[in-house]
Amino acid sequence: MAIQNEHRLRELLQIPPDAWIPEDDRPEYWDETFMRLGRGYGFEPEAGEYPVNHGQLVLDLARLVAPLLDGARFTQVLPGEPDPEGEEHAPPEDADQQGSGTDNRYTLRLRHGGRRYSVTFHDFSGFFNINALLALLNAALEPTGTPMRFFGFGDVVVVGPLRGVQQAMREGFIPGFSGAGLFEDWELEEIDAWSESGDTPESLVRQLEKGRRRVRAVFVV
C-alpha cells in the first residue's frame, strides 16, 4: 500500500471490502490515493475557452458514484443562448445584480429519477464553475438515499460520506488545505459565484448548504 493504514481510509470512505483497488507501492500524494481508490478526481480548473462547456466534467464526475447516477442526462444553456425551457430564475440571495444579463449567464440541468435539477449562475471567466457542478450532482444524489456527496478541494474533487470525509481530514488523510481558491474576493462578487473551499471539516458542511440553496428541483414526466 502507498499510505499507512489504507484500510482505515477505505472504511471512512465506505469502500466495499470486496471492491477491486489497484495496488501501487510507489509514494503518492493524498489526491493520488483518493483517485486510486476511486474516490477522487483531479482536473484543470481553467477550461481554456469561453463560454465554458461543463459537459465532459459532469460525465467524468458522475462515474465516480456509478451506478447511482446512471442514465442521468445533462444539458446546459451557455451565455448568449436562449433557454429552450424558458425557466425564470429568481436571483439567488447572495447574487450580485451587476451584469446579470444573458451574455454571461449559464444554466446547467441534470435529469435523473423523474426530477430535473437546475442551477443558474453568471460567469465571464474561462474557469469551470466547480461549485455549480457539485451542487447539481449532490442534489441528484440526495433522493437516492446514498450518503455519498461530492466535495471540492481546489482542483481536486473528493467523493464520500460527509462524516467520513470530515474524519479523513481530522486524521490527516487529507492534509490541511489553504482554501486559497481561484479568485480574489472582489472577483467573486463580480462573477456571481459562491465559493467554499474544503479547508476545514466545518467548511464541508457550508459547501453542501450553499449548493443546496442554489439548485432548483422539479418533478418531470
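How many of the six residues of β6 are buried, and why is β6 described as largely enclosed? Point 4 returns to this.

1. Basis of the note. The structure is a predicted model, in which local features require pLDDT of at least 70 and side-chain atom pairs count only at pLDDT 80 or more, while totals for chains, interfaces and linings use all residues. Residues are numbered from 1 along each chain as its sequence is written, and side-chain values rest on heavy atoms, with hydrogens and water left out.

2. Overall make-up. The protein chain contains seven helices and seven strands; helices (H or I, at least four residues) and strands (E, at least two) are DSSP runs, numbered from the N terminus. Along the sequence they follow the pattern α-α-β-α-β-β-β-α-β-β-α-α-α-β. Of the 221 residues, 48% count as buried, where buried means under 20% relative accessible area, exposed over 50%, and partly exposed in between (1.4 Å probe, protein chains only). The accessible surface of the protein chain is about 11400 Å², and carbon and sulfur atoms hold 50% of that surface; such areas come from the Shrake-Rupley method with a 1.4 Å probe, and for residues only the protein chains shown count as cover. Among contacts with a separation of 6 or more, 66% are between residues 24 or more positions apart, a contact being heavy atoms within 4.5 Å.

3. The four-stranded sheet. Four strands form an open sheet in the order β2-β3-β4-β7, with antiparallel pairing; two strands pair if DSSP finds at least two bridges between them. Strands β2 (73–77) and β7 (216–219) are at the edges with a single partner strand each, so one side of each has no neighbour in the sheet. Neighbouring strands of this sheet are turned by 20 degrees against each other on average, direction ignored; the axes are lines fitted to C-alpha atoms, for helices over the stretch in contact, and angles run from 0 to 180 degrees between N-to-C directions. Within the sheet, β3 (residues 105–112) and β4 (residues 115–122) run antiparallel and are joined by eight bridges. T107 stands opposite T120 in β4.

4. Strand β6 and its partners. Six of the six residues of β6 are buried, so this strand is largely enclosed by the rest of the structure. Strand β1 (residues 40–42) is joined to β6 by three bridges in an antiparallel arrangement, with Y41 opposite V157. Strand β5 is likewise antiparallel to β6, through six bridges, and F150 has V159 in β6 as its bridge partner. A hairpin with two residues between the strands is formed by β5 and β6, and G154 in its turn has a positive phi of about 65 degrees.

5. Helix α5. This helix (residues 162–170) has G164, V165, Q166, A168 and M169 as its buried residues. Their cover includes α1 (6–12), β5 (148–153), β6 (156–161) and α7 (201–214). Just after α5, G172 takes a positive phi of about 85 degrees.

6. Nonpolar cores. A nonpolar core is a set of buried Ala, Val, Leu, Ile, Met, Phe, Trp, Tyr and Cys residues joined through side-chain atoms within 4.5 Å. The largest has 33 residues, and L61, L108, I130, L137 and F150 have the most contacts inside it. Two or more residues each come from α3 (55–62), β3, β4, α4 (130–141), β5 and β6; α4 gives the most, with ten residues. Leaving aside residues up to four places away in sequence, L137 touches V58, L61, A62, L69, L110 and F150. A second, separate core of 19 residues includes L13, V158, L204 and L208.

7. Salt bridges. A salt bridge is a side-chain nitrogen of Lys or Arg within 4 Å of a carboxyl oxygen of Asp or Glu, and by this rule there are ten. In one of them, the closest N and O atoms of E11 and R8 are 2.3 Å apart; both residues lie in helix α1, three residues apart, about one turn of the helix. R8 counts as partly exposed, at 24% relative accessibility.

8. Two further pairs. E28 and R36 meet in a salt bridge (2.8 Å, N to O); E28 is buried, with a relative accessible area of 18%, and R36 is buried at 11% relative accessibility. E6, R10, E28 and R36 are linked in a network of salt bridges. R212 forms a salt bridge with E142, with the closest N and O atoms 3.6 Å apart. This pair links distant parts of the chain, as R212 lies in helix α7 and E142 in the loop between α4 and β5, 70 residues apart. R212 is partly exposed at 48% relative accessibility, and E142 is partly exposed with a relative accessible area of 40%.
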